[in-house]
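The sequence and structure come first, followed by short sections on separate topics.

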Amino acid sequence: MEKEISPIYDRNTVEFVTVALEFCTFAETAAQTDLFGFVDKATKILPLLYLKASLLPEVTESEDADPELYVTEEMYDNVRNSIANLLGEQDTYLETFHPDMQYSDTPIAAFISENLADVYQDTGNFVALFRQGVEEVMTDAIAICRTNFCQYWGQQLLNALKALHSVRYNEDADWDKTITE
């Protein structure tokens, strides 16, 4: 008879923790990279983060779960502003999945920086809760992160990835010029 592995030690959870931590570090240090380096790495790490989040085990959040949030408004704004400054005018794209889009006569603008800051907020909170090492808190962190991924930040990640793909593979982009400046 095989012993059932706790969702905390499940391979998919461990791999998600690793990628989420790498993404958070990447987002927090965006200002320390150049535009090409940021866009290139973002178009590689975001699909991996999406994949690993989609493989998180389904767990039930405890009824009295009220986890402490780690990512402050200041941290969120720092990440958003760093990415927005780095991307400049390329931060803005037209939103196609906004619920009001079907009723709108005008395009709805969205921002890669805001999408990535939203992903950072949830993954940062997840990593911080997981680091506590308390099994009940860690299980709740998995449940909360998976729910938020399904309901919100998974779509934010995909929206940002679509826009970043356009930036990264734009034939008019002069990456050599960007790198040497």
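## A nonpolar surface patch

Leu 48, Leu 51 and Leu 55 make a nonpolar surface patch of about 230 Å². Patches are made of residues with over 30% relative accessible area and no salt bridge; like charges are joined within 9 Å, and nonpolar side chains (Val, Leu, Ile, Met, Phe, Trp, Tyr) within 5 Å. A salt bridge here is a side-chain nitrogen of Lys or Arg within 4 Å of a carboxyl oxygen of Asp or Glu. The areas come from the Shrake-Rupley method with a 1.4 Å probe, and for residues only the protein chains shown count as cover.

Leu 48 lies in helix H2. Its relative accessibility is 35%, so Leu 48 counts as partly exposed. The scale is: buried under 20% relative accessible area, exposed over 50%, partly exposed in between (1.4 Å probe, protein chains only).

## Basis of the model

The model is predicted: local features need pLDDT of at least 70, side-chain atom pairs count only at pLDDT 80 or more, and totals for chains, interfaces and linings use all residues. Residues are numbered from 1 along each chain as its sequence is written, and side-chain values use heavy atoms, with hydrogens and water left out.

## Overall layout

The secondary structure of the chain comes to six helices and two strands. Helices (H or I, at least four residues) and strands (E, at least two) are DSSP runs, numbered from the N terminus. Along the sequence the pattern is α-α-α-β-β-α-α-α. Of the 181 residues in the chain, 41% are buried.

## Helix H4

Helix H4 (residues 112–131) has 20 residues. From its first C-alpha to its last, H4 reaches 28 Å, close to the 28 Å expected at 1.5 Å a residue; the expected span is 1.5 Å times one less than the number of residues. H4 is mostly covered, with 17 of its 20 residues buried. Just after H4, Gly 133 takes a positive phi of about 80°.

Glu 114 is found in H4 and, at 37% relative accessibility, counts as partly exposed. Glu 114 and Arg 80 are 34 residues apart in sequence, while their C-alpha atoms are 5.7 Å apart in space.

## Aromatic pairs

The structure holds seven aromatic pairs. Rings of Phe, Tyr and Trp (its six-membered ring) pair if their centres lie within 6.5 Å; planes under 30 degrees apart count as stacked, over 60 as edge-to-face and the rest as tilted. One of the pairs, Phe 26 with Phe 38, is stacked, at 4.9 Å centre to centre and 10° between the planes. This pair links distant parts of the chain: Phe 26 is in helix H1 (residues 11–28) and Phe 38 in helix H2 (residues 35–54), 12 residues apart. Phe 26 is buried at 9% relative accessibility, and Phe 38 is buried at 0%.

Phe 149 and Trp 153 form an edge-to-face pair, 5.0 Å centre to centre with 65° between the planes. Both lie in helix H5 (residues 135–168), four residues apart, about one turn of the helix. Ring pairs link Phe 149 and Trp 153 with Phe 16, Tyr 50, Phe 126 and Phe 130 into a cluster.

## Cysteines

The structure holds zero disulfides, a disulfide being a pair of cysteine sulfur atoms within 2.5 Å. For Cys 145, the nearest cysteine sulfur is that of Cys 24, 9.3 Å away. Cys 145 is buried, with a relative accessible area of 2%. For Cys 150, the nearest cysteine sulfur is that of Cys 145, 9.6 Å away. Cys 150 is exposed, with a relative accessible area of 53%.
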